[in-house]
Amino acid sequence: MFDAIIIGGGLAGCSAAIELAKHDHHVALIEADSYPRAKVCGEFLSPESVKLFSKLDFLDNLYGLYPTKINTVRITGTQNIEWRSKFPEPAIGISRYSLDEGLVNHAKSYGVTVYTNTRATDITGCFDEGFTVIAQSSEGQVTFTSQSVIVAHGKHSNLDRKLERNFSRKGSNTYIGIKQHFQGKALFEHIDLHTFPGGYCGISQVEDDRTNVCMLVNDAIFKNVTEDRGKSVDHFIDWICDQNREFAEWITPAIPLYPKWLTIGGVTLTAKPPIEDDILFVGDASGMVAPLAGDGMAMALHSGMIVAEALHDYLQCQIDAQIMKLRYKQTWQRTFQSRLRLSRFLQSFMLRQPILKPGLQLLNTFPALGDWLIANTRDMQLLD
Ligand SMILES: Cc1cc2nc3c(=O)[nH]c(=O)nc-3n(C[C@H](O)[C@H](O)[C@H](O)COP(=O)(O)OP(=O)(O)OC[C@H]3O[C@@H](n4cnc5c(N)ncnc54)[C@H](O)[C@@H]3O)c2cc1C
């Protein structure tokens, strides 16, 4: 019997596991994949993530992975318009290949029991009776029991369907995430965000002199552009080059480091509840912030910490399950809800070139507006 079973060993799952294990709770972390593994992600760690890693006592380990520093950002549009700004504090570039492995090892060092190549397939139970998690590992079916379950399975997973999560996808666009590492012209302490009709692409450096190129693209636009070309990513990249000159200038001479682009489909920014029945959801499983905000990883880490704080009090018998759930839900909503809404709005704006141009001109005329947008798509209190 574990005190907590955490499903999903990304940033949200690891952060919840570390915080609970720090308080001597008996924690199991179940991860479908193994480490290290590449992941579709912009690999841009916002200044707030750096503060959160410090709270997890992971900062020395993080700097040991030789990340890059990122101080400035530029957004470019298709009509030779751009906007530049500076982050309130330095951000970081680091691959998910290195970061996630480092963080899960950190969790192990606190006594978290990690099961890799183990996919949770069902959860039953409640706080009164305890929980049972069924999982499939390479050796067959495994059953775990615990006093609580935290689901941190990311954007989407087999468990959403099994648990009949009923968040509405109606009217919400779906997107494709595409990523590749390159050797290319150095972007010194800087991230570029190049936009094109229906999507945007972040380019920034990570460790080992590599540059990460990662884009989010509206599904329908991708299919439309590539339908006669076997949905070829390379063809789509050529099409973006025709749309955005700055993107073309960087990527044309750059050398891809892997034979294939990494892709994921079915990405949505649909609002999701952070609690369903007695199951607690964290990170992208509780709602995904638009990647353009570059704050998804901070949100994953932060929600893991918030849930662990509430659950710790419950496991210590200081509060009952109802109060714990209410506390988590209210803190989650206070911390993330308005940011999620604003980032969704900004994303819809970024994907429409005809309104992006006057929008960027407005930001150039009123720099304080840009500062306000940067501040309100993230948790600035963490930087105080
Ligand atoms: C294109 C794109 C670019 C992005 N760029 C950035 C960026 O630059 N900066 C930023 O901060 N954020 C970015 N994000 C967002 C960021 O990647 C996520 O917000 C973050 O990874 C969420 O962490 P998580 O722990 O919730 O989920 P994940 O990191 O996705 O981890 C979930 C884990 O759960 C595991 N899992 C799934 N199902 C099961 C199961 N049934 N059983 C066991 N394990 C399971 C998965 O294998 C995975 O390891 C980007 C997202 C996209 C799509």
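This report walks through the ligand site, the salt bridges and a few other spots in the structure above.

A word on the ground rules: this is a predicted model, where local features need pLDDT of at least 70 and side-chain atom pairs count only at pLDDT 80 or more, while totals for chains, interfaces and linings use all residues. Residues are numbered from 1 along each chain as its sequence is written, and side-chain values use heavy atoms, with hydrogens and water left out.

## Around the ligand

Let's start with the ligand. There are 37 residues around it, and E31, G42, R96, D284 and M297 come nearest. Being near here means that one of a residue's heavy atoms lies within 4 Å of the molecule or strand in question.

What is this shell made of? It splits into 17 nonpolar, twelve polar and eight charged residues. For that count, Ala, Val, Leu, Ile, Met, Phe, Trp, Tyr, Cys and Pro are nonpolar, Asp, Glu, Lys and Arg are charged, and the others, Gly among them, are polar. Four elements each give at least two residues to the shell: α1 (11–22), β7 (118–126), β14 (211–218) and α9 (296–315). These helices (H or I, at least four residues) and strands (E, at least two) are DSSP runs, numbered from the N terminus.

Some polar contacts stand out. The term covers a pair of N or O atoms within 3.5 Å; within protein, one must be able to donate a hydrogen and the other to accept it, and residues adjacent in sequence count only if both atoms are side-chain atoms. R96 has a side-chain N or O atom 2.8 Å from an oxygen atom of the ligand. A32 uses its backbone instead, with an N or O atom 3.0 Å from a ligand nitrogen. N158 has a polar side-chain atom 3.0 Å from a nitrogen atom of the ligand. On its own the ligand has 1000 Å² of accessible area, and the protein covers 95% of that. Such areas come from the Shrake-Rupley method with a 1.4 Å probe; for residues, only the protein chains shown count as cover.

## Salt bridges

The structure holds 18 salt bridges, each one a side-chain nitrogen of Lys or Arg within 4 Å of a carboxyl oxygen of Asp or Glu. Here are three of them.

| Pair | Closest N and O atoms |
|---|---|
| K179 and E43 | 2.4 Å |
| K325 and D278 | 2.6 Å |

Buried means under 20% relative accessible area, exposed means over 50%, and partly exposed is in between (1.4 Å probe, protein chains only).

Next up is the pair E246 and R74. Helix α8 (residues 245–251) holds E246 and strand β4 (residues 68–76) holds R74, so this pair ties together parts 172 residues apart in sequence. E246 is partly exposed at 22% relative accessible area, whereas R74 is buried at 9%.

## A few more spots

Strand β11 also contains H181. H181 is buried, with 5% relative accessible area, and its side chain makes a polar contact of 3.3 Å with that of R210.

A152 is in the loop between β10 (149–151) and α5 (158–162), and it is buried at 8% relative accessible area. How far apart are A152 and I6 in space, C-alpha to C-alpha? They are 6.8 Å apart, although 146 residues separate them in sequence.

K272, in the loop between β16 (262–267) and β17, is buried at 8% relative accessible area. K272 and R165 are 107 residues apart in sequence and 8.6 Å apart in space, C-alpha to C-alpha.

Finally, the surface. L362, F366, L369 and W372 make up a nonpolar patch there, with about 400 Å² of accessible area together. Patches are made of residues with over 30% relative accessible area and no salt bridge; like charges are joined within 9 Å, and nonpolar side chains (Val, Leu, Ile, Met, Phe, Trp, Tyr) within 5 Å. One of the four, L369, belongs to helix α12 (residues 367–376) and is partly exposed at 32% relative accessible area.
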